[in-house]
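Keep the viewer open as you read.

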Amino acid sequence: MTVNVETPQDKNGQEFSWQSLPAAQQPEWPDAEALRKSLADLASYPPLVFAGECDQLRTRLAAVARGEAFLLQGGDCAEAFDGVSADQIRNKLKTLLQMAVVLTYAASVPVVKIGRIAGQYSKPRSKPTETRDGVTLPVYRGDSVNGFAFTPESRRPDPERLKRMYNASASTLNLVRAFTTGGYADLRQVHAWNQDFVRNSPSGQRYERLAKEIDSALSFMNACGVDPEEFRTVEFFASHEALVLDYETALTRTDSRTGKLYDVSGHMVWIGERTRQLDGAHIEFASRISNPIGVKLGPTTTVDEALTLIDRLDPEREPGRLTFITRMGAGKVRDRLPGLVEKVTASGAQVVWICDPMHGNTYEAETGHKTRRFDDVLDEVKGFFEVHRALGTHPGGIHVELTGDDVTECVGGGDEVFEDDLHQRYETACDPRLNRSQSLDLAFLVAEMYRGQ
Ligand SMILES: O=C[C@H](O)[C@H](O)COP(=O)(O)O
Ligand SMILES: C=C(OP(=O)(O)O)C(=O)O
C-alpha cells in the first residue's frame, strides 16, 4: 500500500475547498513567509499513517456501530514536546492497555483502542488572550503553535512548531508501534504493566486479581494448544483533534489505491465542539477526507445539526465512518442526549456513540485549579448508559483525558485526591486529566455498567 506525496493542493493545483471557508480557532501566524516554508516542508514529509490503516480502523469502528465492540479512546488533553520520552509514552500506553484488559475481560467485549496521542498538540481556547498581573498575552494554543511559558516570546505563534509537531508525532508513533507489536503488549505481560502500581493503590490491587484470572485462562488455553497471535500484539490507533488546518492540510494526501484524500497525520481525527460550524472550514475538511471522523457534540447541539452533520460527513451511511463524541456534562446528559440518539437512530444512520465525560464537567476549585470531580465523570458515563439502555441503542465507548502518571488534577477516585492536593502534581498544560488510578477505577466501573447493559 502506498500513499503519494502531493502538495497540499488538489489535482488541478487549486486550493482545497475548505481553504476558502472561515476557520475558527486558528493561530494568527505573525510571519507569512515562515509559515509558507514550514508548510512546504511538511507537505514533502512522508505520511505518519497509511490510508489502509485508517480503513482498518473504520472496519473496527463499524463493529462498534453494530454493537459488537466497545471503543476506548484516551490520552493527554494536550501532548507536549517535552513529554516525548520513553517513560511518559510507555506510562500512557500502559494505562490504556490496562483499561482495555479490564474492559475486555470484565465486560467480555472486544475493545477498539485509540490513543489521543501522536498528534494531540493543538488546543481550542475559550479566549484568545490570557491576563496575569495586568499583563495580557496571546493564550497558549498548544505546543504546535506557541509556548506555555507566560512571556511575549514564548506566546508568539511560531510555524516552525508545526514541524516539531510532525517530528514529535513521528517519534511517539514509532515507539507506540514498537511497544504494541514488539512484545510489550503481549497479554502474558498483564502483571508486568501493573508492577510499579499494585502495592499502594486499591485499583491496582483489584487489577492484580483480574490479571491472575487472565493468567489462569491463558495457561489453560496454552495447555490446550491455543496460543493465537492476537495475544501477543495489540492493535492500537492514533487520533487527535484536527484543529490547525494548515498542518492537517499539509498532511492531506491522495491515496494511490483509490484516488481518495486521507489526512495521514493520524488514523482518526475529530472536530471539536468549538469548530464544528456547519458552514466552516473544519467540517468541510472532514467531509473531504476518508479517515474515520469524530465530532464532539455538546449540550447545545440540536437534532437538525446532528442530522446535517451526518449528511455532510457520512452521506453513504457507512458504519464506522462517523463517531459522535457526546460531552454534555453530568447534569445535562439525561436531558439532552435522548432526543439526539432517538432522532439519529430513526434517520437510519449507524453512527458510533461514545461518551466524553470530561469536557462538560470542568470547574474551578477554590485553589484556582481547573479540575473535574471523578464522581461527575462517572455520573455522566452512567447517564450515557442509561439513555442508551432506555432507547435500545449501543453505548459504544468512552473518550477520556488521562495520563499514565500519578498527577493530582481531578478530584475523587478510589485513591482519593482532594482539592487541597491539587497543587501537588498539577502538570497539565490545559485541562485536568485522570491519573492512572482514577483511569483504572473508571475502567472497572464502566465494565460493570457494560455488563449490566
Ligand atoms: O480541552 C478543551 C479546551 O481546549 C479547553 O477546555 C479550553 O480551555 P479554556 O476554557 O481554558 O480555554
Ligand atoms: C477541546 C476538546 O474538547 P471539546 O471540543 O469537546 O471541548 C478536547 O477534547 O480536547
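Predicted model: local features only at pLDDT ≥ 70, side-chain atom pairs only at ≥ 80, totals over all residues.

Leaving aside residues up to four places away in sequence, Tyr247 touches Leu39, Leu42, Leu48 and Leu162, along with Met165, Tyr166, Ser169 and Ser265. Zoom out a bit and you'll find Tyr247 again in the largest nonpolar core, which has 106 residues. Tyr247 is among those with the most contacts inside that core, together with Tyr207, Phe324, Trp353 and Leu442. Which helix supplies the largest share of this core? That's helix 3, residues 86–107, with eleven residues. There's also a second, separate core of 15 residues, including Ala63, Ala69, Met268 and Ile325. As a general rule, nonpolar side chains tend to be buried together in soluble globular proteins.

Now for the sheet. Strand 2 covers residues 111–116, and six of its six residues are buried. In a regular strand, side chains alternate between the two faces of the sheet. Here, Val111, Lys113 and Gly115 point one way from strand 2, while Val112, Ile114 and Arg116 point the other way. Notice that Lys113 and Arg116 are buried too.

What does strand 2 pair with? On one hand there's strand 1 (residues 70–75), which runs parallel to strand 2 and is joined to it by six bridges; Gln73, for instance, has Ile114 as its bridge partner. To get from strand 1 to strand 2, the chain passes through helix 3, making a right-handed β-α-β crossover. Strand 2 also runs parallel to strand 5 (residues 236–241), with four bridges joining the two. One to look up there is Arg116, whose bridge partner in strand 5 is Ser239.

Methods
Residues numbered from 1 in each chain as written. Chains lettered and ligands numbered in written order. Heavy atoms only, no water. Core = buried A, V, L, I, M, F, W, Y, C linked by side-chain atoms within 4.5 Å. Buried < 20%, exposed > 50% of the residue type's maximum accessible area, 1.4 Å probe, protein only. Contact = heavy atoms within 4.5 Å. Pairing = 2+ DSSP bridges. Right-handed = clockwise from strand over helix to strand, strands pointing away.
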